[in-house]
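Reader: Hey, I'm new to this one. Can we go through it together?
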Amino acid sequence: MATDTTTASAPPAPAPPLASRSRLILFVLCAAQFMVALDFSVLNVALPVLGADLGLDRSALQWAVTAFALPSGGFLLLFGRTGDLYGRRKVFLAGLALFGAASLLATFAWDPTSFLAARALQGLGAAAIVPTGMSLLTTTFPEGPQRDRALGISGTLLSLGFTIGMLLGGVMTDTLGWRSTMGLLTAFTLVVLPLAPGLLPESRTPDRPRLDVPGAVTVTGGLLALIYALSTAAERGFGGADVLVTLVSGVLLLGAFVVVESRHAAPLVSLPMLRRRTVAFGNLGGLVTFSMMSTVIFVLTLYLQDTLGLSAFGTGVVFGVQGLFSVLAGTLAPRLIGRFGPRRALVGSLSGQGAFVALLLGLGRESGALLATVAVSLASMCHLVAIISYGLTVTSGVPDEEQGLATGLVTTTQQVGITVGIPLLGVLATTGGDLFGGVRTVLAVDAAVVVGAALLVAVGLRGRRA
């Protein structure tokens, strides 16, 4: 296992400058990740207009999001491992092509069925892009300052893509119509896809064991069921029969997956890897930072517009400032991680995120926009450092032939975290009669969860310096 070469008293080693080709590779990989992050949020504010145009009633609008989230989260591990075995570059390029074609279909969708099918195909393409793109990044850039810098840029763009998506979605829907949001994703693909084949190196495991089909079926089915249940519960609560059945099914399938993996000669997920404390507690930190930060953004949007009466533009300004602070954090994160190591940076950033979310408990019924802007921006800086730190914590010391598996776990954590936070906590803000009181409850629980996770990660990784 790799260890830190720096100490708290030694300055971090500067990253050597990247060659021109390495910069282009980084651009392609980060642009693809940014595009997927953008897709998570760019359509959200357009949903009412989209529904009226395509004939989707309010109860069915959630499927515009769920149709993307199901395959994008459910197939991540499968495509990450497929890239390991048969070529990460091949799977990445196939995912890009599928994502671009699906975005074009969504742009010209003529009815709900064609649109939702396009969203599902976008999610499938994203499930291929994200883990293989991350694997290509970690295998292209050697462990140390160069990889820290590359992951810092990638993490910044991931966070920024989600924020910019909310801003662009509103502006483009008002000026050009909702279809322009899907057209933007098509344009992104047309920029990235022609560059990728000539730049990206192929990489795969040296040997090519058979794909773990039982493991693939159980983990994909389990994740699909779990994400469906939680996404649907965000709209209708946990009392529906379909929610309960799929939730239980998801848990059972994931339990069966663990049994299958313990007996398979070439498992999809190496249980010894999951038993590594760096992998287990690193992914715990990632799951919490993603799920809790997405919940904060959700409830703050409700607070700013429904309680304070801010316009969509005013709300966009708040999150625009947040995005700028995320960019700043992306430039600082590699230095902090180089100084203190990814484990300490992860614990510190989680603690900071929880503390700044707790500051939001000072919001009032009549005022609070300034406090919301400052606190969420500082929390987002810590969130961004946590994103990069947990990715490095999980992947550091992992052999190249297992990088697809490790990064598949990292990106699965990201997607599941983004998906589950709002259903689990956001419902507390929307189901009661007092929105302001519900928002405060969510923020209090959110802060407690993040600080609790920081303590668990600190204990779990105690004594590990790398």
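Reader: Where is serine 377 found?
Author: Serine 377 is found in helix 15 (helices are DSSP runs of H or I, at least four residues, numbered from the N terminus). Before we go on: this is a predicted model, where local features need pLDDT of at least 70, side-chain atom pairs count only at pLDDT 80 or more, and totals for chains, interfaces and linings use all residues. Residues are numbered from 1 along each chain as its sequence is written, and side-chain values use heavy atoms, with hydrogens and water left out.
Reader: Ok, is serine 377 buried or exposed?
Author: Serine 377 is buried, at 1% relative accessibility (buried is under 20% relative accessible area, exposed over 50%, partly exposed in between, with a 1.4 Å probe and protein chains only).
Reader: And what does the side chain of serine 377 reach?
Author: The backbone oxygen of threonine 373, at 2.6 Å. Serine 377 is also in contact with Val321, Gln322 and Phe325, leaving aside neighbours within four places in sequence (contact means heavy atoms within 4.5 Å).
Reader: New topic: which residues touch the most other members in the largest nonpolar core?
Author: Phe92, Phe115 and Leu300, out of 101 residues in that core. Helix 15, residues 369–395, gives the most to this core, with 13 residues. A nonpolar core is a set of buried Ala, Val, Leu, Ile, Met, Phe, Trp, Tyr and Cys residues joined through side-chain atoms within 4.5 Å.
Reader: Last one, where's leucine 336?
Author: Leucine 336 sits in helix 13, residues 312–340, and is partly exposed, with a relative accessible area of 38%.

How values were computed
Helices (H or I, at least four residues) and strands (E, at least two) are DSSP runs, numbered from the N terminus. A polar contact is a pair of N or O atoms within 3.5 Å; within protein, one must be able to donate a hydrogen and the other to accept it, and residues adjacent in sequence count only if both atoms are side-chain atoms.
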